[in-house]
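Let's walk through this structure together, from the overall fold down to single residues. Keep the viewer open as you read.

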Amino acid sequence: MSGIPYVIAEPCIGVKDLSCVAACPVDCIHSDEGEPQLYIDPEECIYCGLCATECPVDAIYPADELPDVWKHYSEINARFFQRLPQSK
């Protein structure tokens, strides 16, 4: 698979519940202090969907199923990982 697998959208803002992080078998959900939400690393995600089932605010969607009002969160997610130093 290619592209962005899952995207965390607006319902996460201000909540940042870590249930999705605990459910992720590859630890691909990240954020930084001061960030309003969590983000899914598209390079690490294995498309399992466990994060989406655990999210208590229904903020996580497959990228191709994002509601139209939240489509721009695909780009927001991508920009978060473009800003990070490539130290992996």
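**A walk through the fold**

Asn-77 is found in helix 3, which spans residues 73–83. Helices here are DSSP runs of H or I with at least four residues, strands are runs of E with at least two, and both are numbered from the N terminus. Before going further, please note that this is a predicted model, in which local features need pLDDT of at least 70, side-chain atom pairs count only at pLDDT 80 or more, and totals for chains, interfaces and linings use all residues. Residues are numbered from 1 along each chain as its sequence is written, and side-chain values use heavy atoms, with hydrogens and water left out.

Back to Asn-77: at 1% relative accessibility, this residue counts as buried. The term buried stands for under 20% relative accessible area, exposed for over 50%, and partly exposed for what lies in between, with a 1.4 Å probe and protein chains only. Not counting residues up to four places away in sequence, Asn-77 touches Tyr-39, Ile-40 and Pro-42; contact means heavy atoms within 4.5 Å.

Now zoom out. The protein has three helices and four strands, and from the N terminus on its elements run β-α-β-β-α-β-α. The radius of gyration is 12 Å, close to the 12 Å that the globule rule gives for 88 residues, so the protein is as compact as a globular protein of that length. That radius is taken over C-alpha atoms, and the globule rule is 2.2 Å times the number of residues to the power 0.38. Taken along the principal axes, the C-alpha atoms fill a box of roughly 30 × 30 × 25 Å. Of the 88 residues, 35% are buried. Among the contacts with a separation of 6 or more, 63% come from residues 24 or more positions apart.

Leaving out residues up to four places away in sequence, Ile-60 touches Tyr-6, Val-7, Ile-8, Cys-20, Ile-40, Cys-51, Ala-52 and Cys-55. With neighbours within four places set aside, Tyr-61 is in contact with Pro-5, Tyr-6, Val-7, Leu-66, Pro-67 and Trp-70. Pro-5 is 56 residues away from Tyr-61 along the chain, yet their C-alpha atoms are separated by 8.6 Å.

Next, turn to the loop between strand 2 (29–30) and strand 3 (39–40), where you will find Gln-37. Is Gln-37 buried or exposed? Gln-37 is buried, because its relative accessible area is 2%. A polar atom of the Gln-37 side chain lies 3.0 Å from the backbone oxygen of Ile-8.

Lys-16 is in the loop between strand 1 (6–8) and helix 1 (19–23), and its phi is near 45°, a positive value in a residue other than glycine. Most residues other than glycine have a negative phi. At 26% relative accessibility, Lys-16 counts as partly exposed. Asp-27, in the loop between helix 1 and strand 2, also has a positive phi, of about 55°. Asp-27 is partly exposed as well, at 47% relative accessibility.

A cavity is a set of points, on a 1 Å grid over the protein atoms alone, where a 1.4 Å probe fits but cannot get out; lining residues have an atom within 4 Å of a point. Grid points are joined across faces, edges and corners, and a volume is the space filled by probe spheres set on the points. There are two cavities of 30 Å³ or more.

The largest cavity has a volume of about 70 Å³. It is lined by 14 residues, and those closest to its centre are Cys-24, Cys-28, Cys-45, Cys-48 and Cys-51. The second largest cavity holds about 50 Å³ of space, and its lining includes Ile-8, Lys-16 and Ile-60.

Note on methods:
A polar contact is a pair of N or O atoms within 3.5 Å; within protein, one must be able to donate a hydrogen and the other to accept it, and residues adjacent in sequence count only if both atoms are side-chain atoms. On a 1 Å grid over the protein atoms alone, a cavity is a set of points where a 1.4 Å probe fits but cannot get out, and a pocket is an open set with protein on both sides within 12 Å along at least five of seven lines; lining residues have an atom within 4 Å of a point.
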